[in-house]
Amino acid sequence: TERILKESESQGILLNDFVIVSPYGIANHTSIGDAIASAPNNTKPQDGYFLIYVREGYYEEYVIVPKEKKNILLVGDGINKTIITGNHSVIDGWTTFNSSTFAVSGERFIAVDITFKNTAGPEKHQAVAVRNNADLSTFYRCSFEGYQDTLYVHSLRQFYRDCKIYGTVDFIFGNAAVVFQNCNIYARKPMQNQKNAVTAQGRTDPNQNTGISIQNCTIDAAPDLANDLNSTSSYLGRPWKIYSRTVYMQSYIGDFVDPSGWLEWNGTLGLDTIFYGEYDNYGPGSITDNRVQWPGYFLLNDTQAWNFTVLNFTLGNTWLPDTDIPYTEGLLK
């Protein structure tokens, strides 16, 4: 604990207080939910973060970080060491929104070194691992494991760095203004006759400044899909709502992606109002010669690509420095 505090001080993160969670004793709490409940309400950024250190363990609980629990810094012992897991799903009677294993609404939330899982499986349809509707929220060195609807980037400004995201249908979805940077995004094997879509962005109005920006990431097949690539078709995204907006920039795209790149949601609905873009990607799945010919699909120029950087899209320079998490503000040189 002293080591954690010393490290956080040397890294220039302002701490308000801290608690430790462990299933095995020597700790303040045995559950993450209890630790969050113990955090002070409605703190200001200048009050510092409330650090919750979650020791290695398997936490079977459904966690909600409500909107009054702000400035929480949730730190684990690493991916596959600190694991938060659940199995709620739509088939078992939950709404997609309420199926999440972990949900966060408190602004300026940070999670580091944690695995979040929904183990319901592909046959249970929508089953969310994390729902995030926290403004100015950041996930660093975390893993999100599920099948359909793994990561619900619901709303507001979000940043994901050095994370792993696994899923099948629409597994990164929602209507936040979100940038994924240096992440590994893995498509798994879905149910028979299902098609994979990495993203399903949910912008409902052309005035919303929302969208999904994927930069300097690796998009590839997980081992179960890689071993049986002919079992399904996989796509970079499909338009959940008619102003859906998603861009892939400076990323590696594996050969599992269908040459057409993108999938319609329902006939021609939204294909002239969406904004789907690709910029400076590489890898066998990045070849754009046979991409969809939709009015809303673009090969971006530099100026357009700059609009989807941390600097311009999430105004990251105004809030990410407080987190001490590394980020690239613009395009890679």
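How many residue pairs are in polar contact between domain 1 and domain 2? The count is zero, with both residues required to be at pLDDT 80 or more; a polar contact is a pair of N or O atoms within 3.5 Å, where, within protein, one must be able to donate a hydrogen and the other to accept it, and residues adjacent in sequence count only if both atoms are side-chain atoms.

This is a predicted model, in which local features need pLDDT of at least 70, side-chain atom pairs count only at pLDDT 80 or more, and totals for chains, interfaces and linings use all residues. Residues are numbered from 1 along each chain as its sequence is written, and side-chain values use heavy atoms, leaving out hydrogens and water.

**Domains and their interface**
- The domain assignment, which is automatic or from a database, gives domain 1 (12–128) and domain 2 (155–321).
- Their C-alpha centres are 26 Å apart.
- Seven residues of domain 1 contact five residues of domain 2 (heavy atoms within 4.5 Å).
- Together the two domains bury about 440 Å², with 72% of it on carbon and sulfur atoms (accessible area, 1.4 Å probe, lost on putting the two parts together and summed over both).
- Ile79, Arg108 and Pro122 supply 61% of the area that domain 1 buries against domain 2, more than any other three residues.

**Cysteines**
- There are zero disulfides (a disulfide being a pair of cysteine sulfur atoms within 2.5 Å).
- For cysteine 163, the nearest cysteine sulfur belongs to cysteine 183, 4.7 Å away.
- Cysteine 163 is buried at 2% relative accessibility (buried means under 20% relative accessible area, 1.4 Å probe, protein chains only).
- Cysteine 217 is also buried, at 2%, and its sulfur lies 4.6 Å from that of cysteine 183, its closest, which is too far for a bond.

Methods: Buried < 20%, exposed > 50% of the residue type's maximum accessible area, 1.4 Å probe, protein only.
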